[in-house]
Amino acid sequence: MLADPDHALRMAAVTRARELGHQFRDLVPLAVLRDGFPYEGRRVSFGSFFNGIHRGREQRGPAALTLTTAAPKAGRSRPYDDDVDPDGAFTYAYREAGKPTAAARSQAEADNAALVAAFAAQVPLIWFVGQAPGMYQPVAPVFIRSNDPVARRVVLEVGLPVADMTPAGATSDEDVRRYAVGDARRRLHQARFRIDVMRAYRSRCTICRLREATLVDAAHIIGDSDPRGIAAVVNGLALCTIHHAAYDRNLLGIDGDGVVHISARLLGETDGPMLSEGLQRFHREAIVMPQRPADRPDPERLDWRFAAFRRDAA
């Protein structure tokens, strides 16, 4: 394995990407990512977010720094063939020229050379996955586990943010890294779920109509730990923070017809305006449904979850 002359720069990039992912709950606006990251008193770019494979001009080594998968357009698949391989890791396609010009071919060859160099050096990369127009989810660090120049694709493996960010590269236990891949896949699906639910409900709580995006969550009707708890909009509700917490704790239920029920215990309490105006007043009111029938919550899932609410309320 070759020594990486850009190790310190990579660590700064990965650290900042992970900070932004945490700050924006895995969906970082493009405008924020374009600010880059601080390194040695200056701002360094994460990349253009259009070319896919990025090696910065500040780098001394030949290996790429970031990879980008563009967000899918409505009704279309992603423009790059990035998927999950049979072993559960992620595949990432080489860059194609796009235009039949010498300049386009030269740029594609340079980018692919940076991709292959990252494999040879086993350096940590940042993978920005487009989840919606202008919204990217950072996955970092990732390493290129294998390279197939015939199929023109590489396999990405997720590393650990501390143990695998040393000059020695991905040295953590294989079982732990396999768990990290599974966790990354789950977070990618959940980010897509959040986008779909928030779009369906127009970013407002289905109970109280609150529109403050930072206080509205995409809640599962059936939790994702259950096989029926799919990360799909029909298994989701947009709920403000207080109603999400009440729903998760079965203090608030929603039946298959979309009618809200507040637990008898809360209905019988006397407290401040949050209880009376924030919860009690919505007892037996209907939720606001998404406009598209295909986005509306599955009545069977609502009823299954409502049965759990009734058991807890008994």
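## Arg145 and Glu157

Arg145 is partly exposed, having a relative accessible area of 33%, whereas Glu157, at 12% relative accessibility, counts as buried; buried here means under 20% relative accessible area, exposed means over 50% and partly exposed lies in between, for a 1.4 Å probe and protein chains only. The model is a predicted one, in which local features need pLDDT of at least 70 and side-chain atom pairs count only at pLDDT 80 or more, while totals for chains, interfaces and linings use all residues. Residues are numbered from 1 along each chain as its sequence is written, and side-chain values use heavy atoms, with hydrogens and water left out.

Glu157 and Arg145 form a salt bridge whose closest N and O atoms are 4.0 Å apart, the term denoting a side-chain nitrogen of Lys or Arg within 4 Å of a carboxyl oxygen of Asp or Glu. Because Glu157 lies in strand S10 (residues 153-158) and Arg145 in strand S9 (residues 135-148), the pair ties together parts that are 12 residues apart in sequence; strands (E, at least two residues) and helices (H or I, at least four) are DSSP runs numbered from the N terminus.

Asp183, partly exposed at 23% relative accessibility, meets the side chain of Arg186 in a salt bridge of 3.0 Å, N to O.

## Network and total

Asp26, Asp183, Arg186 and Arg187 are linked in a network of salt bridges. The count of salt bridges comes to 17.
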